[in-house]
Amino acid sequence: MRTAARPLAALALPLSVVLALSACGDSADAAPAGDPAAGAAEVTVSHAQGESTVPVDPETVVVFDVGALSTLDSLGVDVAGVPEAAYPESLEEYAGDDHTKVGSLFEPDYEAVNALEPDLIIVGGRSAAAYPQLAEIAPTIDLTVDNGNFLESFEERVTTLAEVFGEEDAVADRLAALDERVAEVRAAAQDAGTGLFVMTNAGELSAYGPDTRFGMVYDELGVSAADENLTAADHGDAVSFEYLAEKDPDMLFVLDRDAAIGESGTAAEQVLDNELVAATSAAQNDEIHYLDSAVWYIAPTGLPSVETMVEEIAAAVE
Amino acid sequence: MTRSTVDAAPPPVSPPTEGRRRGVRRWHVAGALLLLLTASLASLFIGVSDLSPLDLLEPDEGQVRVFLVSRVPRLAAILLAGSAMAVAGLVMMSLTRNRFVSPQTAGTTEWVGLGIVVATLWFGGTSLIGKMAIATVFALVGTFFFVWLLRRIVLTDMIVVPLVGILLGGVVLAATMFLAYRFDLLQSLDAWMNGDFSGVLAGRYELLYLVLAATVVAYLYADRFSVAGMGESFAVNLGIAYTRVVTVGLVISSVVTAIVVVSVGSIPFLGLVVPNLVTLAMGDNLRRVLPVTALTGAAFVLVCDVLGRTIRAPYEIPVGTIGGVIGGVLFIALLLRARTKGAS
C-alpha cells in the first residue's frame, strides 16, 4: 500500500502532474495502469464512505452511478465499464456494446469488474452498499449525494470528480453558473405558489416532500411545499388522487417511473387524466410539468443532470 | 388410503340440529351484513377530503366529484374484489377438501404474477385486458397443474397439501423474480402485486365487474361443488359430472384471482382466512355458506382498506400490507386450532 498524501500536498502535487499529463496525454501512447510515474500522480479524496487514495486521471474507470457517469461524459472522460440500466437519452451510447457491462445499478458483476482491471471504481446511491467489496478490487469512491443537503453535497462530489480527472477549472465555472441560476430560480419560485412532486409507478401515485430524494425542488430551488409532512421514504408516500385534489398544489411536478426505467407502463399523463386531478389549480392553470424521468430518477446527481433539473423547475416557476 | 387429496380432509363434524343450524345462519348473515354496512359507510365517508353524510344533502361541486369519482368506485372495487376472492377460496377449499387450500396457497397468485411479468416483457405492456388475458392463462395452467399434482401424491396430512401449493408458488415466484430482476422490474412487480385501492377511480376498475359473473356461476354451481367435495366416487354415484364440476370450480377460482390481482393486486390470506372462519361457524354446505363468505370477504377487505387509509392519513398504507398483518394473525390462529383438533 502506498501511503496517503496529506490533503494539502494532495491538492498541490497532482495538479501540476495533471497539467503536465494532459499536455502530452493525447500524443503519447496511453500509459498502462500502474505506470511507474503513477506513484506521484495520486490524490486522496474524501467521499461518502471516507477517504480514498486514487490515481489521478485514471486510465480504466468503472462507474456504477449514472449521475457520475453523466458528469464524466460531459467532461469528455472515457469510461470502460458501466452498469446495465435505462440510460437517459443523452447517455444512450453507454447502453450499447461499446462499454463493458459490469452488473446492474444495484448489484455489481464482480467478475466483470475484476476482468477490466480498473484503476478507479465509482459507486453512488444505489450501488453504495457494494463499496467494501469493490474497494478490494481497485480504489473506489462513493459519490452518494446527501439529499438533505443536496446542492452543497452534490457540488462537493462533482468537485471530487473534477479533482481526480483534473478538470477543476471547467467544473468550477459550471458550478458557479449553476449557483447563479439556482438563485434566480429561488427568487422566481417565491411567487409561483405551492408545488408537489409526485411519481407515478404502475398506475399508482406517491408524493415526495422536502428532504426526500427529490426534495431539492423545495429545499434548494425554493418551491413552497404543498405538504410539509411527507416522509423521506425511498419511494415516497403512497397517496390517492383525492390527496392531490385536497392538497390542490399550484404546480405539479411529475416523474414517470415507468418511463424512467424504460417500461411502457401506464403513461403518467394517462394516470393523471382524471376528474379529480383536472379540478386542481395545477391542472387548471396548465402547471402540470412532466419531468425528464430518466434524468431525475436514474441520474439525478450528475452535473449535466442537475443543470437540466434546475432548468426544468425554472421553466415551471419563471 | 385412496390416492386422491380427500385423505387430507378433516374428520366430518357432526351436523348441528336443523334448528340450531338456521339460528347460526341468520345470526351470521346479520352479523356479516351489519359489519359490511358499517364498513361501507366508513369507506364512503373516510378519506383525504372531508366529506360527511350531511354534506351530501347540500354538496358542493368538489364533494360530488370526490364522492362519485373516488369514493363510490373504490367501495365498489373493494366489494367486488373482496367477495370474489373469498368465494374463490371457498370453492378451492371445497373441491380439494382441504381447509388450507386457496388461490394464495395453491400458487395461483404467483402464476398470475408470472403472467403479468410475461405480458409486460413480451407483449409490449399491453392493455389491462391483454394483461388480464395472459395472467388468466397462467393462473389456469398453474391451478390445474397443482390439482393434477395433488392427485398423484399420497398425502396424509392436511397441512402438507397447501405446503405443496406454497412450494410450487415459491418456485414460480422465484422464476418471476428472476425475470423481474433481469429486466429491472422488481419494484414494478411489487407495485403490481401488492393489493392497493389508492388508484381506483371511476373508469379505472370496471373490469372488476367480470368477477361478479364468476361469483354468480359459483353460486349456481354451489350444490355441485359441495357434492364434488365429498370425493370423486361419491359424486359420480350421485350423478354429478365430477370432472366438469371440478373444472368449472378451478376455472372460476383462477379467473377471479387473475382479474383481481391484475386490477388491484393481491390481498394476502383473504381467500384462505375468510372461508375458513365462515365454514367454521356455519358448516360446509356451500350454497348456505357462499353468500356469507362473499359478505365477510368484502367486509374484511373494507376494514383493511379503511384502516390503511386512516392509520397514516392523508397517506395510504396498501390494503395488501394491512391484509397481510391481520390475515396472518388469523391464519396462525386457525392453524393452531386445526392442530389441536387433529391431536385430540
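Chain B of this predicted model has a mean pLDDT of 85, and 89% of its residues reach 70 or more. One stretch of chain B falls below 50: residues 1-20. Beyond near neighbours in sequence, this stretch has 24 contacts in the model. Chain A has a mean pLDDT of 84. In chain A, 85% of residues reach 70 or more. Here, pLDDT stays under 50 over residues 1-39. For these residues of chain A, the model has 21 contacts beyond four places in sequence. Where pLDDT is low, the predicted coordinates should not be read in detail. For the model, the scores are ipTM 0.79 and pTM 0.82.

Helix α3 of chain B covers residues 108-122, which makes 15 residues. At 1.5 Å a residue, helix α3 of chain B should span 21 Å.

Helix α7 of chain B runs over residues 209-220 and contains V216(B). The relative accessible area of V216(B) is 46%. Buried residues lie under 20% and exposed ones over 50%, so a value in between makes V216(B) partly exposed. V216(B) also belongs to a nonpolar patch on the surface.

Conventions:
Residues are numbered from 1 along each chain as its sequence is written. Chains are lettered from A and ligands numbered from 1 in the order in which they are written. This is a predicted model: local features need pLDDT of at least 70, side-chain atom pairs count only at pLDDT 80 or more; totals for chains, interfaces and linings use all residues. Side-chain values use heavy atoms; hydrogens and water are left out. Helices (H or I, at least four residues) and strands (E, at least two) are DSSP runs, numbered from the N terminus. The expected span of a helix is 1.5 Å times one less than its number of residues. Patches are made of residues with over 30% relative accessible area and no salt bridge: like charges are joined within 9 Å, nonpolar side chains (Val, Leu, Ile, Met, Phe, Trp, Tyr) within 5 Å. Accessible areas come from the Shrake-Rupley method with a 1.4 Å probe; for residues, only the protein chains shown count as cover. A salt bridge is a side-chain nitrogen of Lys or Arg within 4 Å of a carboxyl oxygen of Asp or Glu. Buried means under 20% relative accessible area, exposed over 50%, partly exposed in between (1.4 Å probe, protein chains only). pLDDT is the predictor's confidence in each residue, from 0 to 100. Contact means heavy atoms within 4.5 Å.
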